[in-house]
Amino acid sequence: MRILLVASAFNSLTQRVFVELRDRGHRPAVHLMVGDDPLREAVRKYRPELIVAPMLKTAVPRDVWTAHTCLIVHPGPLGDRGPSALDWAIHEGAERWGVTVLQADELMDAGDVWAHAECELPPVGKSDLYRGEIADAALRAVLLAVRRFASGTYLPRPQRGPGWAVPDHTRPYLDQRLRRIDWAGDPTATVLRKLRAADSQPGVLDELLGAEWYLHGGHPERELRGKPGELLATRAGALCRATVDGAVWIPQLRPRRRPGGPATFKLPATLALGDRLPVLPELPPLPSLFSPSAAQRRSGVPDSPQGKGSWTDIDYHEDGPVGFLRFSFPGGAMSTEQCRRLLAAYRHALARPTSVLVLGGGRDFFSNGIHLNVIEAAADPAAESWANINAIDDLVAELITTTDRLVVAAVGGNAAAGGAMLALAADEVWCREGVVLNPHYRLMGLHGSEYWTYTLPSRVGAAAADRLTRRALPVSAASAQQLGLVDRVIPATPGEFGREVARFAALLAAGPGLQERIAAKKLGRERDEAIKPLDAYREEELALMRRTFFDPDEPYHALRTAFVRKHPVHSTPPHLTGVGEPS
């Protein structure tokens, strides 16, 4: 079926719907409702049988939805209406939520219902939920609605009349007055809900060290204590701030935009504060890898698996012959400093007596490659770009040259660009069923590095590697497995993924022939090295990257700035408009 996806951005949910429809034999194309929108022209050219809006901030014109069935995906349960549905659910502490697919109508979110699906809301950030439980529920609802439409017999349920018993629950936009944190009065649980309800956008506006900032992200600190509102410590670029009954970690800050000034963007909290940051205790970045000092024990920082008493973005623990090195960086971006810390942790893990090492396994982003925000904020973006790509290359090289054990990349959340290629450096790639991969760099004006010219063709062949990087389209976990990008697809919820990875890793470690596989891996690496040294791939890739980074006229610089500062898009990118046509 020809389906036109109409969206305000080709975001994670729009991509998820796109790849899943394509996997099922439909012919989806994308139209972005941006700028002087030519939706009518797009509909005329594409002639869709159905229009689906996975994420839309503006109304579809009346003449379009009266002439074509247009289904709107609303991230709320039956009867919920309003622009901040998921924000309100987290803000109010809802434990269950849902997604509704309804027909476009005069009144926003009030059209006939084609499908709905329920889901749990675990205590994590909004963007994590949106890419996880909400996306899973949305996909179930969209696929059901599409099947019902294709049947030609289903009649959607009107949200009115005697057959409709669900109360109307319309709520306004959740503005900063309601999001504001009262550090002297709000308990930790309330502070976390407010931070999580705004973690990616719009953030929580607050005053800190004499300036106004948007706070992004929030994690509990179970041991450190202080005067409410006081800054207590730093770790891995994040700030620990006291509440009335505990403390929270805030990973990112964004300065409030000044009238007439340029758009601001998120940065690691300590980097954003710069010279404003007072002298604070800096806690070890890896509490379960480093032995705590007496001072750390007194401050309550534990040396326990998974940092149970104190947040950290990198953690290592073991279960018998399996080591688990987990990392979780906001937005999936990996700065020079984050890459170096992860490399240090990986080398520590290699010193441990394990036969299987699992990298990743968290519930949200695996990685999206280099940190464009940190690069944009640098005094010399070209030099920081160069440092960042070399730092992630160092990490990838260490994975590729690990020959004394099997390495598994456990991809529980989406991955793109250098982050997708990072996963390919492992011996096996295991993906959660709902993951979307973007194994390409072209849209940022980059050739890419991370040894992809070695690993990607080795997995999928030269022709498929060229097609993936040139077409620059997302692929589902299922399609990635068919291509050879992924070795195992794990059907699990985001919260279950880590446990399933641990179960499969234990089976791998205990399985017959493990040592033979490790020996064959070593021989294979030696054979490849004799054919073409690994350093040669890196030199070829970095020669192109260096030229791009240090030439101010290269498109990369303008594309990076537009991405980081969220410049408005004025038209649908050409690579999306015709993808519904046969290749």
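This is a predicted model: local features need pLDDT of at least 70, side-chain atom pairs count only at pLDDT 80 or more; totals for chains, interfaces and linings use all residues.
Residues are numbered from 1 along each chain as its sequence is written, and side-chain values use heavy atoms, with hydrogens and water left out. Local features need pLDDT of at least 70 and side-chain atom pairs count only at pLDDT 80 or more, whereas totals for chains, interfaces and linings use all residues.

The sheet is open and consists of six strands in the order β17-β18-β20-β22-β24-β27, with mixed pairing (strands are DSSP runs of E, at least two residues, and helices runs of H or I, at least four, numbered from the N terminus; two strands pair if DSSP finds at least two bridges between them). β17 (314-319) and β27 (488-490) are at the edges with a single partner strand each, so one side of each has no neighbour in the sheet. Within the sheet, β20 (residues 356-360) and β22 (residues 406-411) run parallel and are joined by five bridges; G360 is opposite A410 in β22. Helix α19 (residues 514-531) packs on the sheet and touches β20, β22 and β24 (428-432) (contact means heavy atoms within 4.5 Å).

E376 is part of helix α12 (residues 372-377). This residue is buried, at a relative accessible area of 12% (buried means under 20%, exposed over 50%, partly exposed in between, with a 1.4 Å probe and protein chains only). Apart from neighbours within four places in sequence, E376 contacts F265, P381, R560, T561, V564 and R565.

Just after α6 (residues 133-151), G152 adopts a positive phi of about 75°. Buried residues of α6 include E133, D136 and L139.

Conventions
The expected span of a helix is 1.5 Å times one less than its number of residues. Axes are lines fitted to C-alpha atoms, for helices over the stretch in contact, and angles run from 0 to 180 degrees between N-to-C directions.
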